[in-house]
Amino acid sequence: MQIAEIFKKTIADIFYDKDIEIWTSGTIKDNEGAVVGNGKLEKIDSFKGNFQFSTREHIQQEYGKEIEANAIVTCDKTVAEISNILVYNNNDYTIKSLITGDSHTTILVLGGA
């Protein structure tokens with residue numbers, strides 16, 4: 001089914017009200033090249049989206065697969081990939097799954113405070 005662009009924009013204007021960032025993840029090194037941990041490396045995207053916490057059971061029922069996730073993010077588009085870090089409300093979440101539909105993209109994430 002084709003969704004009209006004006007309808008997509010209306011959905012975005014109403015529901016996508018949260019500031020979200022996407023970062024690559026990897027090994028963090030200090031100025032001398034020593035490994036100091038793993039985490040966010042480079043911001044690759046920022047957008048407005050909808051964020052809601054969920055249970056694994058609800059996610060499995062809704063999306064038909066077992067995914068270790070505790071929140072659902074929807075947006076109109078993103079360059080995110082699985083294992084990138086999604087930042088919302090100063091909390092980091094690991095992207096576990098991406099589901100692209102006609103009118104939006106759903107990102108299933110794990111993490112947070």
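1. Strand S3 is largely enclosed by the rest of the structure, because 5 of its 5 residues are buried, where buried means under 20% relative accessible area, exposed means over 50%, and partly exposed lies in between, with a 1.4 Å probe and protein chains only. Both faces of S3 are covered, with Ala71, Val73 and Cys75 buried on one side and Ile72 and Thr74 buried on the other. Strands here are DSSP runs (E, at least two residues) and helices are likewise DSSP runs (H or I, at least four), numbered from the N terminus.

2. A word on the basis of these remarks: this is a predicted model, in which local features need pLDDT of at least 70 and side-chain atom pairs count only at pLDDT 80 or more, while totals for chains, interfaces and linings use all residues. Residues are numbered from 1 along each chain as its sequence is written, and side-chain values use heavy atoms, with hydrogens and water left out.

3. The strands form a closed barrel of 6, in the order S1-S2-S3-S6-S5-S4, with antiparallel pairing, and the twist from one strand to the next averages 40°. Two strands are taken as paired if DSSP finds at least two bridges between them. Helix H2 (residues 56-63) packs on the sheet and touches S3, S5 and S6, and its direction makes about 45° with that of S3; such angles run from 0 to 180 degrees between N-to-C directions, with axes fitted as lines to C-alpha atoms, for helices over the stretch in contact.

4. S2 and S3 pair in the antiparallel sense over 4 bridges, and the partner of Phe51 in S3 is Val73. S3 and S6 are also antiparallel, with 5 bridges, and Thr74 stands opposite Thr106 in S6.

5. What does the interior contain? The largest nonpolar core has 14 residues, and those with the most contacts inside it are Phe51, Leu86, Ile95, Ile107 and Val109; a nonpolar core is a set of buried Ala, Val, Leu, Ile, Met, Phe, Trp, Tyr and Cys residues joined through side-chain atoms within 4.5 Å. At least two residues of this core come from each of S1 (18-29), S2 (35-53), S3 (71-75), S4 (85-88), S5 (91-100) and S6 (105-111), and the largest share, 3 residues, comes from S3. A second, separate core of 5 residues includes Ile59, Ile67, Ala69 and Leu108. In soluble globular proteins, nonpolar side chains tend to be buried together.

6. Leaving aside neighbours within four places in sequence, Ile95 is in contact (heavy atoms within 4.5 Å) with residues including Ile22, Ala80, Leu86, Ile107 and Val109. Ser97 lies in strand S5 and is buried, with a relative accessible area of 6%. Not counting residues up to four places away in sequence, Ser97 touches Lys65, Ile67, Ile82, Thr106, Ile107 and Leu108.

7. The aromatic residues deserve a separate comment. Rings of Phe, Tyr and Trp (its six-membered ring) pair if their centres lie within 6.5 Å, and planes under 30 degrees apart count as stacked, over 60 as edge-to-face and the rest as tilted; by this rule the count comes to 4 aromatic pairs. Phe51 and Tyr93 form a tilted pair, 5.1 Å centre to centre with 55° between the planes, which links Phe51 in strand S2 to Tyr93 in strand S5, 42 residues apart. Phe51 is buried at 9% relative accessible area, and Tyr93 is buried at 2%. Phe53 and Tyr93 form a tilted pair at 6.4 Å, with 55° between the planes, whereas Phe53 itself is exposed, with a relative accessible area of 55%. Ring pairs link Phe51, Phe53, Tyr88 and Tyr93 into a cluster.
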